Amino acid sequence: MNNEKQNKLKMRDIITLSIFNIAIIVIMFVTKMCTMMLTTPAFDYLFYVGIMGLLCAPVFVVMSNKVAKRGTYLITGIFGGLFITVMGSPWFLPVMIVVGIVCEIIMIGQDTYRNPKRNGIAYSVYWALYALGSAIPMFFFKEQYLNSLKESYTEEGIKTLVRFYGSWDMLLLIAVITIVLSAIGFIVGKKLMKKHIEKAKLV
Amino acid sequence: MRKLDNRTYIILLAVSTIFWFLFNKNIQIHLSVALNALLLVYIKEHNKAIKFVITYLTMVILAGLFANKIALMYIILNMLARSIPLVMVVTCIIVGNSSELMLSLQKIKVPKPIIVMICILIRFFPVLSKENIAIRNGMKARGLFSNWKDFMRNPFLVYECFMVPLIIRCIKLSDELGATAELRGLNADKKRTCIYEVYFGLKDICALAIYGAAIGLIYFGV
């Protein structure tokens, strides 16, 4: 009973999660803009979620170790979804909620958030599913999606989009790249936390 | 004059999101920007309305200029321009009073954690950009990375020197804000009361009807 009570999110935890998630959103936004402006579309499609996972990892590691309660991934997912909704893809919010629930299922158990292996796996899965989620409209309502893009994309842009999000082999490649990059990010984040934040006894 | 209720804005946001997704011509987006500008003018945010319209026009014109030269810029500008109508409706919520927003959301039975999340989300973006400036000033004061060459030479160090202060500031801010929230009784089980009057009146229904009719006209008529 006591354990159950401790495992529930309190207002203080929710505030912590919100503030850290805003930092994550800002990093995500900057990453997306930079990859879009500075690289080719092909690189953008293949790598951008992976790079997001790489750069957001230190913030996320500290957040999940500080809160360490069930619901961390779900709230992160909701925040990610809200951000993308405002950026112009409202269908992404339910996808992100599902992703958050999947990650919560991975994290079932005692004190898994402080266990680097479990947390790392869930973190990689989170970003991989995020990357795959971007391809959902290509499978379920392709015609309408491409129609809505027709005026704002060039012919070539749509071709690249279909090439990368419309075929299974490319999606697999994207997932693998994302998992590798976010796992690297997680390890770096863990090291940074050990080097600076645990020493200062802030977690 | 009482502004519209926050629940109205939420419904408007949902409606305009659905239609926005169905729009497939650029002229429809142009018209919805005009409609949302009218909405902003109606709630007396003239400056914001003018700013958004000017930004939108600049983006569309630039995209037109880039159309046959740099395909990538065309796509980026179009994507940003397309999100402006939605950002305009979100602005209506952001410029309002967060106390009123909390009461409105409480009335439609949104769980308290989500209300707190939304309020922090709205209030904390400006704070974070201030932190960003403070971190850069701190770097300058210590003479670190004074020019672009240093930035390019050791990107990992830059990343570390930027991330760690950011994380520590986030921890400090969340501790302080958590303590304040508990002190003010956000943890209590009782319903929150509010000094402002919030209700869903005739004006809101009229606004919804007019907005719905206009956006329907844009979709089916154009």
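A cavity is a set of points, on a 1 Å grid over the protein atoms alone, where a 1.4 Å probe fits but cannot get out; lining residues have an atom within 4 Å of a point. A volume is the space filled by probe spheres set on the points, which are joined across faces, edges and corners.

This is a predicted model, in which local features need pLDDT of at least 70 and side-chain atom pairs count only at pLDDT 80 or more, while totals for chains, interfaces and linings use all residues. Residues are numbered from 1 along each chain, chains are lettered from A, and side-chain values use heavy atoms.

Q: How many cavities of 30 Å³ or more does the whole structure hold?
A: The largest cavity has a volume of about 750 Å³. The second largest cavity has about 40 Å³ of space. The search of the whole structure finds two.

Q: Which helix supplies the largest share of the lining of the largest cavity?
A: Helices here are DSSP runs (H or I, at least four residues), numbered from the N terminus. Of the 36 lining residues, A:Lys32, A:Ser89, A:Tyr145, A:Tyr153 and B:Met79 are the closest to the centre of the largest cavity. With six residues, the largest share comes from helix 4 of chain B.

Q: Where does helix 4 of chain B bend?
A: The bend at a residue is the angle between axes fitted to the seven residues ending there and the seven starting there. For helix 4 of chain B, this angle is about 35° at B:Pro85.

Q: Which helix gives the largest share of the lining of the second largest cavity?
A: Among the residues lining the second largest cavity are A:Asn21, A:Phe79 and A:Trp127. Helix 2, helix 4 and helix 6 (116-133) of chain A each supply at least two lining residues. The largest share, four residues, comes from helix 2 of chain A.

Definitions and conventions
On a 1 Å grid over the protein atoms alone, a cavity is a set of points where a 1.4 Å probe fits but cannot get out, and a pocket is an open set with protein on both sides within 12 Å along at least five of seven lines; lining residues have an atom within 4 Å of a point.
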